Amino acid sequence: MTKEIVVSGIRPTGKLHLGNYMGAVKNFVQMQHDFHCYFFIADYHSLTTHPNPADLHVNVRTVLAEYLACGINPEQCTIYVQSDLPQIPELYMLLNMHAYKGELERVASFKEKAKTQPDNLNAGLLTYPVLMAADIIIHKAVKVPVGKDQEQHLEMARTFGNRFNRIYQTAVFPEPFAFNYGTELVKVPGLQGGGKMSKSDGDNNVICLSDSPELIRKKMSKAITDAGPTEPNTPPSPAVQNLFDLMKMVSNHDTLKHFTDSYANCSIRYGDLKKQLAEDMITYLNPIRTKIEDIYNDTAYLGKVAKLGAEKAAASAEQTMAEVRAAIGFQKFYS
Ligand code: TRP
């Protein structure tokens, strides 16, 4: 049986953190065995915020090295840089002809940008869902591992693919759907007492995969707690619950039990909890952290991986584009 096609992209916005790993990359590593996977670094998408050239390159290189360090295997799946595929902007342009201003303006992520960055409301932002649709349907993907915040973009990808099929009387594009193992996505909380681990709440809120042991200890020591339990068996505050949730992910069962018990009987010392969590976090991330630096500095290896990925992805994209061009009515006057 042929394996189903999976596509997912990650914007190169800097170092990956534990939340990215638990919520996305760890699943990708699993998916490479079960599906025919394309994973790419969405550098075109990142241009909506006008990064400077040096930063752009470093960020792409960082994400590539970190994906590989996490266990994404370029032999098992196809990992590539989006801007290596000229077929993607080609499909994006063609899909744009049937994407309407009204529907694009109604997309939640665009409305959000209209509020937060009214001075840079460029056409790239408006058509972001069209580019994302091109990324996905160019490989005829049916499964897209993404978080809830991308649901609407995925719905647009189905709309644009279906619309193309209908207008040009073809069946070139199947419908892609969001996919994740299990029913609930793991929520990785941050260290600053808020919701999920995210850089928008500051550098101390996140543990990056490349953080040194010293830095992890420092960040953990600054993690938010509360005044401590005063009565036995009361539920922990959200900030303390976050630390228990992190402990569930990186510590062993006995350690977790020790601290939840000592919380329940009010003997807990948060300093000890944070120290233990830091050490377990360091142990958990050590195999990844030690690989990142080596891979990041191995220019020859990165070049080999990116070239192989670009070749495999281009073969798939070119096949789809041949069907797309024919459906539209482009016919060569020469061969
Ligand atoms: N928009 C996605 C995000 O912000 C990134 C992305 C771009 C993507 N193209 C994609 C994800 C295609 C899945 C499939 O996270």
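Author: A residue counts as buried under 20% relative accessible area, as exposed over 50%, and as partly exposed in between. The model is predicted. C266 has a relative accessible area of 25%, so C266 is partly exposed. C266 is found in the loop that runs between helix 12 (253-264) and helix 13 (270-297). Its phi is positive, about 65°, although C266 is not a glycine. Most residues other than glycine have a negative phi.

H50 also has a positive phi, near 55°, and is a residue other than glycine. H50 sits in the loop between helix 2 (43-46) and helix 3 (53-70). With 54% relative accessibility, H50 counts as exposed, because the cut-off for that class is over 50%.

Strand 3 (residues 78-81) gives a buried case. T78 and Y80 point one way from strand 3, I79 and V81 point the other way, and all are buried. In a regular strand the side chains alternate between the two faces of the sheet. Strand 3 pairs with strand 2 (residues 36-41) in the parallel sense, over 4 bridges. Within this pairing, I41 stands opposite V81.

L95, H98, F160, R163 and F164 line the largest cavity. Helix 9 (residues 151-167) gives the most to this lining, with 3 residues. By type, the lining divides into 3 nonpolar residues, 1 polar and 1 charged.

Key. Residues are numbered from 1 along each chain as its sequence is written. This is a predicted model: local features need pLDDT of at least 70, side-chain atom pairs count only at pLDDT 80 or more; totals for chains, interfaces and linings use all residues. Side-chain values use heavy atoms; hydrogens and water are left out. On a 1 Å grid over the protein atoms alone, a cavity is a set of points where a 1.4 Å probe fits but cannot get out, and a pocket is an open set with protein on both sides within 12 Å along at least five of seven lines; lining residues have an atom within 4 Å of a point. Helices (H or I, at least four residues) and strands (E, at least two) are DSSP runs, numbered from the N terminus. Ala, Val, Leu, Ile, Met, Phe, Trp, Tyr, Cys and Pro count as nonpolar, Asp, Glu, Lys and Arg as charged, and the others, Gly among them, as polar. Buried means under 20% relative accessible area, exposed over 50%, partly exposed in between (1.4 Å probe, protein chains only). Two strands pair if DSSP finds at least two bridges between them.
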